[in-house]
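Thanks for coming. I will go through one protein model today, from single residues to the whole chain.

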Amino acid sequence: MTVAARLAELGINLPEPAKAVANYVPFVQTGNVLHISGQLSNDASGGVKGTVGQNVTPEEAHAAARMCGVNLLAQMSAALDGDLERVVRVVKLGGFVQAGADFEAIPAVINGCSDLMVEVFGDKGRHARSAVGVYKLPLGFAVEVDAIVEVR
């Protein structure tokens, strides 16, 4: 099954890729490695903002991480001229969760993004990962995820 068919089966329409909000670019390809800048838990409805364990539930945060994954896919698509079949492997995800002092289930939150990569790319979506709790994220969003992807 193609990546486009998997996305359709999952009911995912990729959004317009987010523009940079500071002095960086959304992605950089060097050789066959694509680095994608952190994507926030943002969507057309405004996304998920707040602190997990305080005013954002773990379930909402998991969905927010999946939202980050959709945004990563949009950036991949932009970098690869719309051809996600060029993805050889999702190599690594770096996940950041704006977490309250007592919230420790950071890995479970970032699974929202990790699970999506496997759903979309199959075994090519299995990756190494970091999952980190932080005090604050840009613009108050609850989750941010960046990626390193091998492409052809």
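Start with aspartate 81, which is exposed, at a relative accessible area of 71%. On that scale, buried means under 20% relative accessible area, exposed means over 50%, and partly exposed is in between, with a 1.4 Å probe and protein chains only. This is a predicted model, where local features need pLDDT of at least 70 and side-chain atom pairs count only at pLDDT 80 or more, while totals for chains, interfaces and linings use all residues. Residues are numbered from 1 along each chain as its sequence is written, and side-chain values use heavy atoms, with hydrogens and water left out.

Back to aspartate 81. Its place is the loop between α2 (58-79) and β3 (87-98). Helices here are DSSP runs of H or I with at least four residues, strands are runs of E with at least two, and both are numbered from the N terminus. The phi angle of aspartate 81 is near 50 degrees, a positive value in a residue other than glycine. From aspartate 81 to serine 41 is 40 residues in sequence and 23 Å in space, C-alpha to C-alpha.

Leucine 139 also has a positive phi without being a glycine, at about 60 degrees. It belongs to the loop between β4 and β5. Is leucine 139 buried or exposed? It counts as exposed, because its relative accessibility is 55%.

Valine 21 is exposed, with a relative accessible area of 59%. Asparagine 23 counts as exposed too, at 81% relative accessibility. Valine 21 and methionine 67 are 46 residues apart in sequence, and their C-alpha atoms are 18 Å apart. For asparagine 23 and valine 134, the figures are 111 residues in sequence and 22 Å from C-alpha to C-alpha.

Next, histidine 127. It lies in the loop between α3 (106-121) and β4 (128-134). What does its side chain make a polar contact with? The partner is the side chain of serine 114, at 2.8 Å. A polar contact is a pair of N or O atoms within 3.5 Å; within protein, one must be able to donate a hydrogen and the other to accept it, and residues adjacent in sequence count only if both atoms are side-chain atoms. The histidine 127 side chain also reaches the backbone oxygen of glycine 125, at 2.7 Å. Leaving out residues up to four places away in sequence, histidine 127 touches Val90, Val91, Lys92, Leu93, Ser114 and Met117. Contact means heavy atoms within 4.5 Å.

On to the interior. In soluble globular proteins, nonpolar side chains tend to be buried together. In this model, the largest nonpolar core has 40 residues, and those with the most contacts inside it are Leu72, Met76, Met117, Phe121 and Val143. At least two residues of this core come from each of α1 (3-9), β2 (33-40), α2, β3, α3 and β5 (143-151). The largest share, ten residues, comes from α2. A nonpolar core is a set of buried Ala, Val, Leu, Ile, Met, Phe, Trp, Tyr and Cys residues joined through side-chain atoms within 4.5 Å. Take methionine 76: not counting residues up to four places away in sequence, it touches Leu34, Ile36, Leu84, Val87, Met117, Phe121 and Val149.

Two lysines have rings to report. The charged end of lysine 49 sits over the ring of phenylalanine 141, 4.8 Å from its centre. That of lysine 136 sits over the ring of tyrosine 135, 5.3 Å from its centre. A charge sits over a ring if NZ of Lys or CZ of Arg is within 6 Å of the ring centre and within 35 degrees of the ring normal.

Last, the whole chain. How many helices and strands does the protein have? There are three helices and five strands, in the order α-β-β-α-β-α-β-β along the sequence. Of the 152 residues, 41% count as buried. The C-alpha atoms fill a box of roughly 40 × 35 × 30 Å, taken along the principal axes.
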